[in-house]
Amino acid sequence: MSPTAAKKTKLEGEVFYPNPETLTGTHVPDWEAQAAQASKDLTGYWARRAEELEWVRKWDTVLDESKKPFYQWFVGGKVNIVQNCLDRHVKTWRRNKLALIWEGEPGDQRTFSYHALNREVNKFANVLRAMGIKKGDRVTIYLPRIPEIVIAMLACAKIGAVHSVVYGGFSVESLHGRILDSHSKLAITADGGWLNGKIVKLKDILDEALQRSPSVEHVIVVKRTGQEICMDPERDLWYHDLMMLPIASPKCETEVMDAEDPLYILYTSGTTGKPKAILHTHGGYMVGIYATLHDVFDIRDEDRWWCTADPGWVTGHSYMVYVPLLNGATSFLYEGAPSYPYPNRWWQMIEKYDITILYTAPTAIRGLMRFGEAWPNRHDISSLRLLGSVGEPINPEAWKWYHRVIGKERCPIMDTWWQTETGMFMITPTPSVPLKPGSGTRPYFGALKPGSGTRPYFGAAAEIVDEAGKPVPDGEEGFLVLLKPWPAMLRGIYGDPDRYVKQYWSKYPGKYLTGDSAKRDKDGYFWIIGRVDDVIKVSGYRLGTAEIESALVSHPAVAEAAAIGLPHEVKGTAIHTFVILRSGYSPSLELMDELRNHVGHEMGPIAKPEEIKFVDSLPKTRSGKIMRRVLKARAQGLPEGDVSTLED
Ligand code: WT7
């Protein structure tokens with residue numbers, strides 16, 4: 001059945017019932033039964049899913065809880081995620097299938113069959129091995145959205161090296177901190193990447209970061225933008241030169257890994273202090289993410305999947321790089337900005353490449369919505385059959401626009417809730433035929449409510465609790481916790497096991513603390529409200545108040561700084577800062593600009609504050625901690641709440 005022939009989603013009140021025709025033949029027709037099975041027999045369920053993939057050696061134990069919260073999955077199993085991303089497919093007809101379709105911002109295109117991608121990965125893996133990179137070594141990857149980022153990540157995984165990808169939008173200090181913490185010996189970058197018609201000079205930024213972090217012995221540079229750059233003859237090597245060497249053979253053995261061996265670390269902002277390195281492993285992560293794309297986005301051979309996330313964030317790691325390949329799918333990658341050169345760029349590419357599933361963030365939807373529906377309407381985007389949303393709560397207005405204008409009222413929207421730490425979807429709608437209220441034990445199964453991620457995925461269990469850890473009644477706000485381990489869960493914080501226990505498992509022993517506040521409604525649907533810690537989600541990007549504050553304080557004019565997030569129409573949340581100047585400096589518009597640019601230079605453009613307010617004092621507790629909660633309330637004209645700990 002062609003997607004265009006499908007009837008529209010039915011809207012009743014605020015509940016959307018996807019039309020059964022759109023969902024004919026979905027991978028999981030009996031979602032409810034499977035959910036019940038997974039909830040009854042968690043390990044049996046995951047063992048069955050793991051068997052859908054190839055292993056060098058099968059596991060002895062599905063889940064080892066003896067060292068919890070250091071849970072271990074598929075213990076004794078031997079596998080490399082790349083074995084299932086590439087090796088498995090090149091042995092079948094899929095070798096001739098497209099793995100990756102890529103378009104650069106200037107409009108250049110490249111495509112890779114599974115065979116071709118495998119070849120490039122093998123060549124680069126051989127280069128890495130020849131350079132002395134071994135199993136367990138960390139490699140920092142700082143690349144734009146070009147095919148080489150996928151190749152580099154897979155090549156690292158293939159030889160058992162642990163990649164640490166740093167988002168290309170981060171700048172000197174953020175990059176430096178991540179290189180230093182990971183003790184990377186090797187960094188992979190490009191001369192630049194295209195964004196909004198301009199070159200982001202990645203190599204220059206890396207050079208500056210490396211002046212502050214000497215652990216890196218070599219830098220491999222991909223030529224992308226072609227402008228003149230500085231190459232250190234002792235340290236820097238061109239990617240294209242290396243790939244021409246005889247050692248860059250297209251045959252390469254995949255390193256056999258223990259299921260629990262590290263696959264990658266990815267830095268993310270936490271409650272306090274420096275970003276922490278979230279650790280994911282080969283076995284459990286592979287099984288968990290594989291299952292989610294297969295089930296939730298119903299991925300099929302004829303699909304063309306587009307996850308718009310940057311590979312530098314977890315959405316890119318899981319759903320742009322690894323999971324489409326695990327499922328033998330074809331995915332699309334675009335280098336540049338959504339509205340360059342015109343606001344139809346995305347819609348034009350959906351039409352051109354016949355994209356069938358689009359997975360993006362609410363901020364992008366709101367941003368494109370601002371340009372009006374004439375832009376998407378001039379393109380035939382009827383190839384789309386499913387839509388997705390991730391990264392922050394989607395406001396019902398954006399949901400409905402996405403549903404009506406992009407999905408033409410036929411494509412169900414999968415609003416997936418998860419985190420860097422969870423690795424995979426944890427709360428997500430299902431592309432299953434909805435039952436009417438009263439016709440089953442779970443009345444709205446399969447039905448969508450704009451703004452809700454609906455319910456936990458197979459085997460997952462979530463709960464809303466109060467400060468003391470007691471479940472709150474439906475409809476009341478509280479802390480979102482997860483109750484059961486899942487295969488793609490983080491295995492800790494690299495180099496800091498105590499922080500892992502303290503941050504996620506101490507507040508409510510035995511329950512995983514997400515850091516989000518949420519509500520559950522009477523139908524069991526979850527509604528995420530937002531972060532309750534010092535994390536700010538700016539345009540879906542996760543930043544920490546502490547990092548922004550320390551970037552500000554590193555400027556000679558700043559004595560003290562506080563950062564908070566306030567609601568913003570497009571960004572969801574925007575960064576507002578309060579600054580106390582050192583004596584000898586006085587507030588001015590020039591200084592404000594200078595400080596914004598300073599944050600941009602140190603952390604990256606996404607961290608530039610929306611607003612800088614010069615103040616004489618900051619509300620603090622008697623022990624000297626800034627009370628951001630009070631600043632936030634004041635800025636919004638809301639009651640300040642309990643201020644008994646406020647210093648005089
Ligand atoms: C935080 C995690 C999930 C991958 C990208 C972000 C927020 C994420 C949703 C959603 C409401 C969401 C939460 C979460 N979040 N998805 N569908 N609805 N909020 O990963 O950078 O680790 O951020 O993003 O606040 O805790 P991340």
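**Helix packing, ligand shell and backbone notes**

Helix 4 passes helix 5 in a right-handed crossing. Right-handed here is meant in the sense that the near helix is turned clockwise from the far one by less than a right angle. Helices (H or I, at least four residues) and strands (E, at least two) are DSSP runs, numbered from the N terminus.

Before I go on, the model is predicted: local features need pLDDT of at least 70, side-chain atom pairs count only at pLDDT 80 or more, and totals for chains, interfaces and linings use all residues. Residues are numbered from 1 along each chain as its sequence is written, and side-chain values use heavy atoms, with hydrogens and water left out.

Back to the helices. Helix 4 covers residues 114-130 and helix 5 covers residues 147-159; their axes are 8 Å apart and the packing angle is about 60 degrees. The axes are lines fitted to C-alpha atoms over the stretch in contact, and angles run from 0 to 180 degrees between N-to-C directions. Helix 4 and helix 5 are therefore oblique to each other. For the classes, under 35 degrees is roughly parallel, over 145 roughly antiparallel, 65 to 115 roughly perpendicular, and the rest oblique.

Next, the ligand. Which residues come nearest to the ligand? Of the 17 around it, they are Asp415, Thr416, Thr420, Arg531 and Arg542. A residue is near if one of its heavy atoms lies within 4 Å. By type, the shell has six nonpolar, five polar and six charged residues. Nonpolar means Ala, Val, Leu, Ile, Met, Phe, Trp, Tyr, Cys and Pro, charged means Asp, Glu, Lys and Arg, and the others, Gly among them, are polar.

Now the polar contacts, pairs of N or O atoms within 3.5 Å. A polar backbone atom of Thr416 is 2.7 Å from a ligand nitrogen, and for a polar backbone atom of Gly391 and a ligand nitrogen the distance is 3.1 Å. On the side-chain side, Asp516 places a polar atom 2.9 Å from a ligand oxygen. The protein buries 96% of the 550 Å² that the ligand exposes when taken alone, with areas from the Shrake-Rupley method and a 1.4 Å probe. Helix 10 (314-326), strand 20 (413-416) and strand 26 (526-531) each give two or more residues to the shell.

Last, the backbone. Lys68 and Pro69 are joined by a cis peptide bond, omega about 10 degrees, and Pro69 sits in the loop between strand 3 (61-64) and strand 4 (72-75). In strand 4 itself is Phe74, whose phi is positive, near 55 degrees, though the residue is not glycine.

Technical notes: A polar contact is a pair of N or O atoms within 3.5 Å; within protein, one must be able to donate a hydrogen and the other to accept it, and residues adjacent in sequence count only if both atoms are side-chain atoms.
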